[in-house]
Amino acid sequence: MGFSLNKKTISDVELSWFEGSGVVVRADLNVPLDDGVVADDQRIRASLPTLRFLTSSGARVVLLSHLGRPKGEVDPEFSLAPVAARLDELIEAPVRFIPHSDGAEAASQVAEVPQGGIALLENTRFLAGETKNDPALAQSWAELGELFVNDAFGTAHRAHASTVGLAEAMRARGHDAVAGLLMARELRYLESVLRAPERPFVAIIGGAKISSKIGVVSALLPRVDRLLIGGAMANTFFRALGLETGASLVEEDSLDVAARLLEEAGERMVLPIDCVVASEVSEHASARVVARDAVQGEDKILDIGPKTRERFGDMIGRARSIVWNGPMGVFEMEPFAGGTLSIVEAVALACDGGALGVLGGGDSAAAAERAGVAHRLTHVSTGGGASLELLAGAVLPGVDALSDF
Ligand code: ADP
Ligand code: MG
């Protein structure tokens, strides 16, 4: 497992060092825009603790982020200018937007930023070198400061110039590359639950595709006491058991893997015992509850049934550590949202009672937000892909490149 608690964080730097020092920060400010205005500022807010810490300590902050997928060329649609405007509203420190992505081109304007101020450079992905991890580009950013802080957990699973390359370039200059407060928080919760979980340890895996989560299921299986399976993933396991799945989403290519995992897991893997089915995936579908061995030819399995909710809820209620990724059904539609909502509530209740509950995954996090219980969970990860890879035991390159103790 790729544990990285031996990596330096921003808290390991002497507080007095920051005064007047240049700090290059990679944050994840990849927010949705609507007509040139920030439509959801959650990721900007999540970056505030690190930025506030640095500016209030008197650092001069050079801030980098990507936004969208501009394919390595300037595309005004993906400019970070609206993000700079929103950040300026949210933070007390002065924010200056610099319309250059390259460090050398931005240098003279960066030099004018006062102590305690922030210079946000233009979208890193306006340059082809970003996703190619071009060392010259990384070097141009490293020269803008004497410390690199990586706070972009959401891109830690990618080796890009502003993540891995910049960390390496900064260290090659004899300076440190450290995790920011958000990054450190993500790693602390996700890794502590994997490394030394208080038991019982229950994992809940759902979502659309088994193929995208086989790594997570295989890595978690030997560690957990129970692995609860929901969502469309469960269908592929049903089929592997020889059950009728009707018109449900099944990944034929993953049937062998599913059969092997079932055999390996024995009692630890818990599949749904009943399902909500309908003949169409629609808000107005007439849904029925059936036992898992009573699915008909026209049926699509679209949620876990009430008996399964109760059974999963019991196991979650007794857990001391919980990891959850992926919704239990097509929660975006009212007739199939009940399973996910009841699991959200069960995990929140367990956390109220002192269990450690960590939720990762874009759609499951959205479900928790929508149910209004996200704040009751111990931790909701901001990085879908990165949290999945971490749970699957991968070493995240963006973390690996940081300074060791
Ligand atoms: P996350 O983003 O939390 O990791 P995924 O992206 O893996 O989750 O899966 C989320 C999607 O899975 C949702 O859009 C949901 O509608 C879909 N889904 C869940 N259960 C089913 C099902 N039984 N049939 C079809 N789609 C499903
Ligand atoms: Mg998703």
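Which residues does Tyr 189 touch, not counting residues up to four places away in sequence? In this predicted model, local features need pLDDT of at least 70 and side-chain atom pairs count only at pLDDT 80 or more, while totals for chains, interfaces and linings use all residues. Residues are numbered from 1 along each chain as its sequence is written, chains are lettered from A and ligands numbered from 1 in the order in which they are written, and side-chain values use heavy atoms, with hydrogens and water left out.

Tyr 189 touches Leu 356, Val 358, Thr 378 and His 379, where contact means heavy atoms within 4.5 Å. Tyr 189 lies in helix α6. With a relative accessible area of 18%, Tyr 189 is buried; the classes are buried for under 20% relative accessible area, exposed for over 50% and partly exposed in between, with a 1.4 Å probe and protein chains only. From Tyr 189 to Val 62 the separation is 127 residues in sequence and 28 Å in space, C-alpha to C-alpha.

The protein contains 14 helices and 17 strands, which are DSSP runs numbered from the N terminus (helices H or I, at least four residues; strands E, at least two). Its radius of gyration is 23 Å, close to the 22 Å that the globule rule gives for 405 residues, so the protein is as compact as a globular protein of that length. The radius is taken over C-alpha atoms, and the rule is 2.2 Å times the number of residues to the power 0.38. The C-alpha trace spans about 70 × 45 × 35 Å along its principal axes. Of the 405 residues, 55% are buried. Among contacts between residues at least 6 apart in sequence, 75% join residues at least 24 apart.

Strand β15 covers residues 321–325; 5 of the 5 residues are buried, so the strand is largely enclosed by the rest of the structure. In a regular strand the side chains alternate between the two faces of the sheet. Ser 321, Val 323 and Asn 325 point one way from β15, and Ile 322 and Trp 324 point the other way. Strand β9 (residues 201–205) runs parallel to β15 and is joined to it by 5 bridges; two strands pair if DSSP finds at least two bridges between them. Strand β16 (residues 356–360) is also parallel to β15, with 5 bridges. Asn 325 in β15 stands opposite Ile 205, and its bridge partner in β16 is Gly 360.

Helix α13 (residues 384–391) has Ala 386, Ser 387, Leu 388, Leu 390 and Leu 391 as its buried residues. The cover over these residues includes α6 (181–195), α7 (214–220), β15 and β16.

In helix α2 (residues 81–90), the buried residues are Pro 82, Val 83, Ala 84, Leu 87 and Leu 90. Among the elements covering them are α1 (42–56), β4 (60–64), β5 (95–98) and β6 (118–121).

Ser 254 lies in the loop between α8 (233–240) and α9 (255–265). At 5% relative accessibility, Ser 254 counts as buried. Leaving aside neighbours within four places in sequence, Ser 254 is in contact with Ile 210, Ser 211, Ile 214 and Thr 236.
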